[in-house]
Amino acid sequence: MGYKFEDLPQLVDHRKSIPKNGNYSKRTQSIKTRVWHHSLTKKDLAGSIASAFANYHISLGWPGAGYAFIIEPKNIVNTPKGKRARIVYANDISLRTFHVGNSNQYSLGACVAGDYRFDGLDDATKATIDELQEALVADKIGEEDKSHNEMPGYGWKDCCVFNYKEAFKFLDAKKPTAAPGTYKIQEGDTFWGIANNDEGITVEDLITANPGVDPAKLQIGQVINLGKAKNAYTPKPSAPKKPQSTYKYPLPAGVWKHYEKGGKRGSFDEVKQIQRALNAVNFKCGKEDGWYGDKVEDAVTRFQKVYLPYEIDGKYGPNTKKKLQAVLKSKGY
Ligand SMILES: [Zn+2]
């Protein structure tokens with residue numbers, strides 16, 4: 001059985017490769033406390049990485065790095081959810097590593113590289129702290145979080161000094177699931193971004209649950225239906241493929257683009273079909289005259305911003321067709 005924390009895309013498993021000089025013994029008690037540390041080495045120094053801490057701890061006569069997890073703000077990982085500081089999984093959670101003296105048996109050590117008496121936590125690091133803690137909670141690894149200096153006997157220690165409880169909440173404002181009924185649009189939000197969460201709410205669900213909202217023109221502060229959106233649009237079991245001619249809004253094949261940018265010049269029935277479909281799903285493109293001009297290009301672009309955020313080019317092709325077909329279907333056409 002795997003743990004959720006092991007699936008974090010910013011986590012690398014270095015349990016076998018990190019420098020060692022012996023073995024930590026297994027815990028004889030289960031994990032109760034997740035203990036948060038910082039490394040007291042400024043985060044931009046070359047040595048502010050997991051392997052350097054392991055070597056330092058070996059120099060103290062320890063079997064290896066004193067923590068299960070080491071977060072490295074120097075090593076930024078691009079994940080589907082954005083930039084994250086890397087997590088080095090340094091010691092198996094079953095091992096009693098050295099980090100809080102008499103409390104080691106029941107304590108799990110997580111260290112954030114950096115000297116937070118002087119450094120500030122950056123967003124990629126806060127996001128990683130938040131996601132790691134959340135995964136550990138979901139995995140039922142430990143029952144509480146404490147900083148090093150909240151552990152018995154360590155009140156004098158400048159560790160971890162960063163506000164770890166703040167970091168645990170870092171992503172909450174962006175988590176639509178925190179607002180069960182509705183969600184307030186924040187700067188930079190798109191339906192695609194809001195839908196891209198753990199709740200399984202799709203862009204089609206959001207469109208269906210928010211009939212009056214133009215997804216291409218979201219306003220900061222605008223309130224949308226979110227809780228109700230889940231499964232608002234349930235695709236019907238895929239019916240046998242019908243020929244396009246049997247649809248109310250048949251869509252043409254091929255690639256169509258602006259007539260001034262290499263597209264065909266003139267009025268075409270295929271472009272009329274595209275125009276009708278765009279107008280039907282409220283990506284207005286003006287008169288259905290068969291010319292692929294500025295208005296069609298603009299409407300296709302707006303459509304792609306919502307449904308194909310990695311393919312915004314204003315051209316109509318197979319992917320745009322597929323999405324357009326799905327949206328038409330979600331509206332009952
Ligand atoms: Zn510490």
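In the predicted model, Phe69 stands opposite Ala110 in strand 5; helices (H or I, at least four residues) and strands (E, at least two) are DSSP runs, numbered from the N terminus. Strand 3 and strand 5 pair in the parallel sense over three bridges, where pairing requires that DSSP find at least two bridges between two strands. Because the model is predicted, local features need pLDDT of at least 70 and side-chain atom pairs count only at pLDDT 80 or more, whereas totals for chains, interfaces and linings use all residues. Residues are numbered from 1 along each chain as its sequence is written, and side-chain values use heavy atoms, with hydrogens and water left out.

Strand 3 (residues 69–79) is also joined to strand 4, in the antiparallel sense, by eight bridges.

Since Glu131 lies in helix 2 and Arg84 in strand 4 (residues 82–89), the pair ties together parts that are 47 residues apart in sequence. Both Glu131 and Arg84 are buried, where buried denotes under 20% relative accessible area, exposed over 50%, and partly exposed the range in between (1.4 Å probe, protein chains only).

A search of the whole structure finds 14 salt bridges. One of them links the side chains of Lys43 and Asp122 at 3.0 Å, N to O. Lys43 is placed in the loop between strand 2 (33–38) and helix 1 (50–59), and Asp122 in the loop between strand 5 (107–112) and helix 2 (123–138), so this contact ties together parts that are 79 residues apart in sequence. Asp122 is partly exposed, with a relative accessible area of 23%.

A further salt bridge is formed by the side chains of Arg117 and Asp115 (2.8 Å, N to O). Arg117 is partly exposed at 43% relative accessibility, whereas Asp115 is buried, with a relative accessible area of 3%.

Conventions. A salt bridge is a side-chain nitrogen of Lys or Arg within 4 Å of a carboxyl oxygen of Asp or Glu.
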